[in-house]
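Subject: Structure for your review

Dear colleague,

Please find below the sequence and structure that I am handing over to you. My findings follow directly after it.

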Amino acid sequence: MVAAPSLPKPPASPAVSVVIVAYQSGALLAEAIAGLAAQTFRDFEVILVDNASTDGAPQAVAKAHAGLKLIEAGANLGFAAANNLAARTAKGRWPALLNPDATPEPEWLAELLAAAARRPDARCLTSLQLDAADPTRLDGAG
């Protein structure tokens, strides 16, 4: 049996801080973390904000991945305030927001940083989002 990939040990000054805000995310959160663990680009940290979930998913994911930083907000702060809470502790040059129900492709972070290198004038980059049930269908453009 092959062990599942794990999150990288967060460097002192990572290139990217991946922020996930979770609320009642259930098993989808574990899939998002598995997608991060499979990234080819490894210079990142993961900050997970739990917006007072009662399903235990954020705590289970944090227990399974030692490199993940869990912030328990204590209340449902909403998406924006929870991201701002995470940003105060983020160490990366680039913040990357990932929804807990999104599973990033293995090249997600590598492609985002390659786009940033091609466009040094850009201050914000977004990802195409494909429908998980039908990957030929566009679900969003950032």
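Two strands are taken to pair if DSSP finds at least two bridges between them. On that basis, this predicted model contains an open sheet of four strands, paired in parallel, in the order β3-β2-β1-β4. The edge strands are β3, residues 68-72, and β4, residues 94-97, each of which pairs on one side only. On average, neighbouring strands of this sheet are turned by 25° against each other, direction ignored. In general terms, the strands of a sheet pair through backbone hydrogen bonds, and the pairing may be parallel or antiparallel.

Strand β2 covers residues 44-50, runs parallel to β3 and is joined to it by five bridges. For Val-49, the bridge partner in β3 is Ile-71.

Two helices lie across strands of the sheet. Helix α1, residues 26-37, lies across β1 (16-22), β2 and β3, and its direction is at about 170° to β1. Helix α2, residues 57-64, also lies across β1, β2 and β3, running at about 150° to β3.

A further helix, α3, spans residues 79-87 and includes Asn-83. Is Asn-83 buried or exposed? Asn-83 counts as buried because its relative accessibility is 9%, and the cut-off for buried is under 20%. Once neighbours within four places in sequence are left aside, Asn-83 is in contact with Val-19, Val-21 and Leu-97. Of the strands named above, β1 covers residues 16-22 and β4 covers residues 94-97.

Several loop residues may also be of interest to you. In the loop between β1 and α1 one finds Gln-24, which has a positive phi of about 55° although it is not a glycine. With a relative accessibility of 37%, Gln-24 counts as partly exposed. Ala-52, in the loop between β2 and α2, is likewise not a glycine and has a positive phi, of about 65°. The relative accessible area of Ala-52 is 30%, so this residue is partly exposed.

The loop between α2 and β3 holds Ala-66. With a relative accessible area of 80%, Ala-66 is exposed, since the cut-off for that class is over 50%. Ala-66 and Pro-8 are 58 residues apart in sequence, while their C-alpha atoms are 9.2 Å apart in space.

Finally, I turn to the pockets. Rolling a probe the size of a water molecule over the atoms shows where empty space is left. The largest pocket has a volume of about 1,300 Å³. Its lining consists of 35 residues, and those nearest the centre of the pocket are Leu-98, Trp-108, Ser-127, Leu-128 and Gln-129.

Which elements each supply at least two residues of this lining? They are α1, β4, α4 (108-118) and β5 (129-130). Helix α4 gives the most to the lining, with six residues. When the lining of the largest pocket is sorted by class, 21 residues are nonpolar, six are polar and eight are charged.

With kind regards

Terms used: Residues numbered from 1 in each chain as written. Predicted model: local features only at pLDDT ≥ 70, side-chain atom pairs only at ≥ 80, totals over all residues. Heavy atoms only, no water. Axes fitted to C-alpha atoms, helices over the stretch in contact; angles between N-to-C directions. Contact = heavy atoms within 4.5 Å. 1 Å grid on protein atoms, 1.4 Å probe; cavity = no way out; pocket = protein on both sides within 12 Å on 5 of 7 lines; lining within 4 Å. Points joined across faces, edges and corners; volume = space filled by probe spheres on them. Nonpolar A, V, L, I, M, F, W, Y, C, P; charged D, E, K, R; others polar. Buried < 20%, exposed > 50% of the residue type's maximum accessible area, 1.4 Å probe, protein only.
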